[in-house]
Amino acid sequence: AFDTRAIQQLDSAHYLHPFTDFKDLNSKGARVIVRGQGIYLWDSEGEKILDGMSGLWCVNVGYGRTSISEAVYRQMETLPFYNSFFNTTNVPATRLAAKLVEISPPQFNHVFYTGSGSEGNDTNLRMVRRYWDLMGFKERHTIISRHNAYHGSTVAGASLGGMDGMHAQGGLPIPGIVHIGQPNYFESGRGMTEAEFGIEAAGWLEAKILELGPEKVAAFIGEPVQGAGGVIIPPATYWPEIQRICDKYGILLIADEVICGFGRLGAWFGSELLGIKPDLITFAKGVSSGYIPLGGVLVGDRIADVLIGQGGDFNHGFTYSGHPVACAAALENIRIIEDEQLVKQVANVTGPYLRRKFASLRDHPLVGYADSYGFVAGLNLVRKKAEVVHDCELFTPELAVGMICRGHMFNNGMIMRAVGDRMIIAPPLVMTKAEIDEMVNKIRYCLDKTLADLQERGLA
Ligand code: PMP
């Protein structure tokens with residue numbers, strides 16, 4: 001047992017939290033999370049919290065899986081660490097590579113391990129440039145990404161990402177990375193059907209390729225469904241058109257599936273559902289359900305054939321590439337997903353149920369737009385609804401209505417994230433129909449609280 005206040009004091013004195021507004025941290029103590037089981041967390045005061053975000057889009061199999069901790073313990077006892085540099089290997093890393101190849105699309109036969117998703121995207125950047133060098137096109141180094149994308153916090157990851165707030169700190173992006181608009185129908189699709197907007201938004205890629213010159217462009221990177229950017233679900237026409245444009249100019253396609261992979265969208269990898277055939281897939285988070293850090297890149301045959309066949313070497317790797325304990329945890333995590341048929345469950349049972357239930361929130365006076373895909377969902381808070389979503393009247397950003405709503409959720413026992421005035425969720429894949437009902441009821445209750453709050457202040 002410990003005194004919550006004492007931990008909070010140590011915390012604010014010494015711990016620089018990631019992505020934290022330090023003003024906020026200094027005024028109130030951080031909430032101390034101490035335990036998890038299933039889809040729930042408990043804080044140090046004994047409050048139960050429904051985790052609508054799976055930690056950080058990580059804990060796909062839910063909390064409290066003793067078979068993962070046992071697999072970790074056994075591997076730590078046998079071999080806690082050895083590196084896989086210079087042609088040594090370990091059993092879990094090798095078995096996991098074969099497993100990942102088995103569950104991924106057919107063009108993938110090789111895996112490169114990292115410790116995180118950010119390092120995975122750094123690896124992608126170097127790998128696609130190495131590929132084009134080996135092919136004899138040394139000018140072909142530019143990578144195209146999208147505004148508001150999140151691809152990590154390392155220098156390359158944050159540069160590939162399209163967050164203005166991150167670019168503003170540290171002189172990013174680095175040269176050779178450019179951004180196009182995100183396929184955000186609610187924000188940018190005025191006057192178009194969703195299908196028309198999908199083609200329009202994909203066309204921004206072709207326009208950028210022609211502006212730069214195709215002979216300069218190495219790759220396009222995108223998440224199948226943009227997560228941290230606000231659960232931006234592209235129209236069905238978007239990705240096939242992106243693939244057509246990449247094929248037309250011979251450009252490599254990188255799918256960042258750090259969030260979308262491992263069942264989150266209702267398939268092992270989201271790209272299978274969206275009609276694309278990527279050359280690289282970044283993975284992390286769900287590969288080990290966040291129990292232990294692990295990430296990496298699935299390397300498609302187009303690149304692997306050149307790297308292995310002509311390359312001779314790739315001077316890149318991390319101490320924790322192929323960490324035996326992390327790989328043992330991932331193998332057990334994947335076994336659970338298979339055993340409990342969580343991918344099928346999300347695709348055919350709980351995913352469609354969540355879609356129906358979440359869509360029922362559209363009748364709330366604050367909700368202008370709401371959509372979901374598999375086990376990610378988002379809704380836009382608006383001042384005044386409209387028949388055509390683009391005619392909704394928005395709140396001014398200074399009001400930070402999303403943060404007000406998030407605060408009500410947090411104080412009423414649920415974690416939901418705010419990206420501006422878009423409220424998003426990504427619950428653990430083990431969530432049952434009864435738990436979905438509980439979650440959606442909580443959201444409705446907190447939307448009511450938010451509305452009452454705004455009305456009291458004369459803002460709605
Ligand atoms: N890509 C995407 C799509 C992500 O969501 C994240 C993490 N939120 C990353 C990359 C970076 O992963 P990590 O935090 O493990 O470095």
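**The sheet and its surroundings**

Author: Happy to! In this predicted model, four strands form an open sheet in the order 11-12-15-14, and their pairing is antiparallel. The edges belong to strand 11 and strand 14 (417-419); each has a single partner strand, so one side of each has no neighbour in the sheet. Direction ignored, neighbouring strands here are turned against each other by 20° on average.

Let's look at one pair. Strand 11 and strand 12 are joined by 6 bridges in the antiparallel sense. As an example, Ser372 has Ala377 in strand 12 as its bridge partner. Helix 14 packs on the sheet, where it touches strand 11 and strand 12, and its direction makes about 180° with that of strand 11. Another helix to look at is helix 15 (residues 401-411), which lies across strand 12, strand 14 and strand 15 and runs at about 180° to strand 14.

Now for the wider setting. The protein chain is divided into domain 1 (31-61 + 341-456) and domain 2 (67-339), with 26 Å between their C-alpha centres. Their contact draws 28 residues from domain 1 and 24 residues from domain 2. On the side of domain 1 that touches domain 2, the elements giving two or more residues include strand 11 (367-373), strand 12 (376-381) and strand 15 (422-425), along with helix 3 (54-57) and helix 14 (342-359). Helix 14 gives the most to that side, with 5 residues. By type, the residues on this side of domain 1 are 18 nonpolar, 8 polar and 2 charged.

Technical notes:
Residues numbered from 1 in each chain as written. Predicted model: local features only at pLDDT ≥ 70, side-chain atom pairs only at ≥ 80, totals over all residues. Domains from an automatic or database assignment. Contact = placed C-beta atoms within 7 Å. Nonpolar A, V, L, I, M, F, W, Y, C, P; charged D, E, K, R; others polar. Pairing = 2+ DSSP bridges. Axes fitted to C-alpha atoms, helices over the stretch in contact; angles between N-to-C directions.
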